[in-house]
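Dear colleague,

I am handing over the structure below, and after it I set out what I found when going through it. Please read the notes with the structure open beside them.

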Amino acid sequence: MPSTTPSGYAPWSSSTRPRSRVQLHAAARAAASGTVASGRLVFLEPGHVQEVDVSAPVLERALAAARDAVARIGSGDYRTEAGPKCRDCGYRRGRWCEVGKGYEPGGERV
Ligand code: SF4
């Protein structure tokens, strides 16, 4: 199960990270213009489009997760966990990051 923020949202799992980016963009757009009708990820691979839920409750959870992250960082809490983000990271390859040592390609943690 992916870790969650205090808001209950898991913005950094491999399956939700791209969607959470779209949702944060949608939340900003909604703040500026009032509503966002739809969201989608359009991949370079022709014909590959993934719809993203940009309903008001989902955008509120995405914003709450971002607020949680900013608050944690602002308080000096930089904790993170190993995950797909570590795959190509030079800190993991150089074995300088203790957290990254817990990542095994193809798995969340070793
Ligand atoms: S290896 Fe460390 S620095 Fe690199 S992405 Fe993973 S947690 Fe972050």
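**Fold and confidence**

The protein chain has three helices and two strands, and from the N terminus on these elements follow the order α-β-β-α-α. Please bear in mind that this is a predicted model, with a mean pLDDT of 81 for the protein chain and with 80% of its residues reaching 70 or more. The part to treat with caution is residues 1-15, over which pLDDT stays under 50, although the model has 29 contacts for them beyond four places in sequence. Of the 110 residues of the protein chain, 17% count as buried, and among the contacts with a separation of 6 or more, 43% are between residues 24 or more positions apart.

**Helix α2 and its two sides**

Helix α2 covers residues 56-74, and because its 19 residues at 1.5 Å a residue should span 27 Å, the 26 Å between its end C-alpha atoms agrees with expectation. Leu59, Arg61, Ala62 and Ala65 are the buried residues I would point to in α2; seen down the axis of α2, its buried residues fall within an arc of 160°, so they line one face of the helix. On the other side of α2, the exposed residues are Ala56, Pro57, Val70, Ala71 and Gly74. Just after α2 comes Gly76, which takes a positive phi of about 90°.

**Where α1 comes in**

Arg19 has its place in helix α1, which comprises residues 17-33, and Arg19 counts as buried because it has 21 C-beta neighbours inside 10 Å, where 20 or more are required. The C-alpha atoms of Arg19 and Ala62 are separated by 9.6 Å, although the two residues are 43 residues apart along the chain.

Leu24 also belongs to helix α1, but with 16 other C-beta atoms within 10 Å, Leu24 is partly exposed. Once the neighbours within four places in sequence are left aside, Leu24 is in contact with Ala62 and Ala66, and Ala62 is one of the buried residues of α2.

**The ligand shell**

Which residues surround the ligand? They are Thr80, Ala82, Lys85, Cys86, Cys89, Tyr91, Arg92, Cys97, Val99 and Gly100. By type, the residues of this shell divide into six nonpolar, two polar and two charged.

**A backbone angle to check**

One further backbone detail deserves a look while you have the model open. Most residues other than glycine have a negative phi. Arg95, however, has a positive phi of about 60° although it is not a glycine. Arg95 lies in the segment after α3, the helix of residues 90-93, and since Arg95 has 9 C-beta neighbours inside 10 Å, and 12 or fewer make a residue exposed, Arg95 counts as exposed.

Technical notes: Residues are numbered from 1 along each chain as its sequence is written. This is a predicted model: local features need pLDDT of at least 70, side-chain atom pairs count only at pLDDT 80 or more; totals for chains, interfaces and linings use all residues. A residue is near a molecule or strand if its C-beta atom, placed from the backbone, lies within 6 Å of it. Ala, Val, Leu, Ile, Met, Phe, Trp, Tyr, Cys and Pro count as nonpolar, Asp, Glu, Lys and Arg as charged, and the others, Gly among them, as polar. Helices (H or I, at least four residues) and strands (E, at least two) are DSSP runs, numbered from the N terminus. The expected span of a helix is 1.5 Å times one less than its number of residues. The arc is that of the directions from the helix axis to the C-beta atoms. pLDDT is the predictor's confidence in each residue, from 0 to 100. Two residues are in contact if their C-beta atoms, placed from the backbone, lie within 7 Å.
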